[in-house]
Amino acid sequence: SEIFAKAHPEALKAQAVTARGEVLAKIGLKHLADPYLLCTEQHCAVYRGVSGEVASTNAAVEATRGEASFDEGNRLVDSVYSAVCGGHTEHNDVVWGGVPNASLRGRPDVLPGKPAGPAPSTLARFLGADVQHACKVSSFANLSKYRWEKRFTAQDVDAKLKAHEVGRVMAMTVTDRGVSGRARLLQISGEDGATTLRGELNIRRTFGMLNSAMFELKAERDAKGRPTAWIFSGGGWGHGVGMCQVGAIGRAEAGQTYRQILAHYFNGAQVARIYE
């Protein structure tokens, strides 16, 4: 239930391996006080049971039975995934903190043989460029998730930040970004004080769950320089770490096998069978 059942078979195989690997990596880390190991929601892995089964996804599960991804040290990869990376995936530690994981390094998601285009270090150029990113050219691409804009009135933003007691917000600046351009720190200055929002998810939640933290931010101001609106212009849908699900479909449609897809998203990880 984590991917379109009508997607390319190689993308379905890639999803089967990633879902299996993430489940195996998470056992013993979640729901420790519950009588079950994992739940059937996004917190663990979306699963609709027997009623959600279709022939195509069953075939992908059976074709990859017992397979998971492993890094060069033969360690199981925590093979996480998100819907649309927006053209570049992100480092795990940027999104969730903790120790950098060599298998979860952010990287460009341009189709093989295509020009790379601008780097996210110049995010405005990156977001505006016409590049053959896998999640853009996929037959399942939704361009409103690949690139998006969210507009808030100044009053909306002041209300969302009321608990931080900064008063009327006068300036918001991203002061730290990950390799994909995703915001890590957002500095906010108001008439009564200042604060810093830390963490990708915290920033997104503060503004009503933004599609992603890959965004440029600008203000519209009145004649006195006071903000009247704030515009978030961004890319991607989800946290952006690991496999881009729509991108995996685009790569499969471009001729890549599920093993090649997984090696790309998980920094050279190799698929191996661990049970029959």
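# Close-up views of a predicted model

**View 1. Asparagine 267 sits in the loop between H10 and strand S10 (270-273).** Helices (H or I, at least four residues) and strands (E, at least two) are DSSP runs, numbered from the N terminus. The model is predicted: local features need pLDDT of at least 70, side-chain atom pairs count only at pLDDT 80 or more, and totals for chains, interfaces and linings use all residues. Residues are numbered from 1 along each chain as its sequence is written, and side-chain values use heavy atoms, with hydrogens and water left out. Asparagine 267 is not a glycine, yet its phi is positive, near 55°. Its relative accessible area is 41%, so asparagine 267 is partly exposed. Buried means under 20% relative accessible area, exposed means over 50%, and partly exposed lies in between (1.4 Å probe, protein chains only).

**View 2. Methionine 209 also has a positive phi, of about 60°, although it is not a glycine.** Most residues other than glycine have a negative phi. Methionine 209 belongs to the loop between H8 and S7. With a relative accessible area of 39%, methionine 209 is partly exposed.

**View 3. Phenylalanine 4 and phenylalanine 140 form a stacked aromatic pair.** Rings of Phe, Tyr and Trp (its six-membered ring) pair if their centres lie within 6.5 Å; planes under 30 degrees apart count as stacked, over 60 as edge-to-face and the rest as tilted. By this rule there are five aromatic pairs. In the pair of phenylalanine 4 and phenylalanine 140, the centres are 4.7 Å apart and the planes stand at 25°. The pair links distant parts of the chain, 136 residues apart. Phenylalanine 4 is in the segment before helix H1 (9-26). Phenylalanine 140 is in the loop between helix H5 (134-137) and helix H6 (143-146). Phenylalanine 4 has 43% relative accessibility and so counts as partly exposed. Phenylalanine 140, at 24%, counts as partly exposed.

**View 4. Phenylalanine 152 and phenylalanine 207 form a tilted aromatic pair.** Their ring centres are 6.1 Å apart, with 50° between the planes. Phenylalanine 152 lies in strand S3 (residues 147-153). Phenylalanine 207 lies in the loop between helix H8 (200-206) and strand S7 (215-221). The two are 55 residues apart, and the pair links distant parts of the chain. Phenylalanine 152 is buried, at 5% relative accessibility. Phenylalanine 207 is buried, at 1%. Phe152, Phe207, Phe215 and Phe232 form one aromatic cluster.

**View 5. Arginine 147 lies over the face of tyrosine 146.** A charge sits over a ring if NZ of Lys or CZ of Arg is within 6 Å of the ring centre and within 35 degrees of the ring normal. For arginine 147, the distance from the ring centre of tyrosine 146 is 4.0 Å. Arginine 251 lies over the face of tyrosine 265, at 5.6 Å from the ring centre.

**View 6. Helix H9 (residues 245-253) packs against helix H10 (residues 258-265).** The angle is about 135°, with the axes 10 Å apart. H9 is therefore oblique to H10. Axes are lines fitted to C-alpha atoms, for helices over the stretch in contact, and angles run from 0 to 180 degrees between N-to-C directions. Angles under 35 degrees count as roughly parallel, over 145 as roughly antiparallel, 65 to 115 as roughly perpendicular and the rest as oblique. On the H9 side, the contact is made by Gly247, Ala248, Arg251 and Ala252. Ile261, His264 and Tyr265 make it from H10. Contact means heavy atoms within 4.5 Å.

**View 7. H9 is mostly covered, with eight of its nine residues buried.** The buried residues are Gln245, Val246, Gly247, Ala248, Ile249, Gly250, Arg251 and Ala252. Their cover includes H1, strand S2 (81-82), H5, strand S9 (243-244) and H10. Glycine 255 follows H9 and has a positive phi, near 110°.

**View 8. Alanine 16 lies in helix H1.** Alanine 16 is buried, with a relative accessible area of 11%. Leaving aside neighbours within four places in sequence, alanine 16 contacts Ala60, Val61 and Thr64. Alanine 16 and tyrosine 258 are 242 residues apart in sequence and 9.7 Å apart in space, C-alpha to C-alpha.
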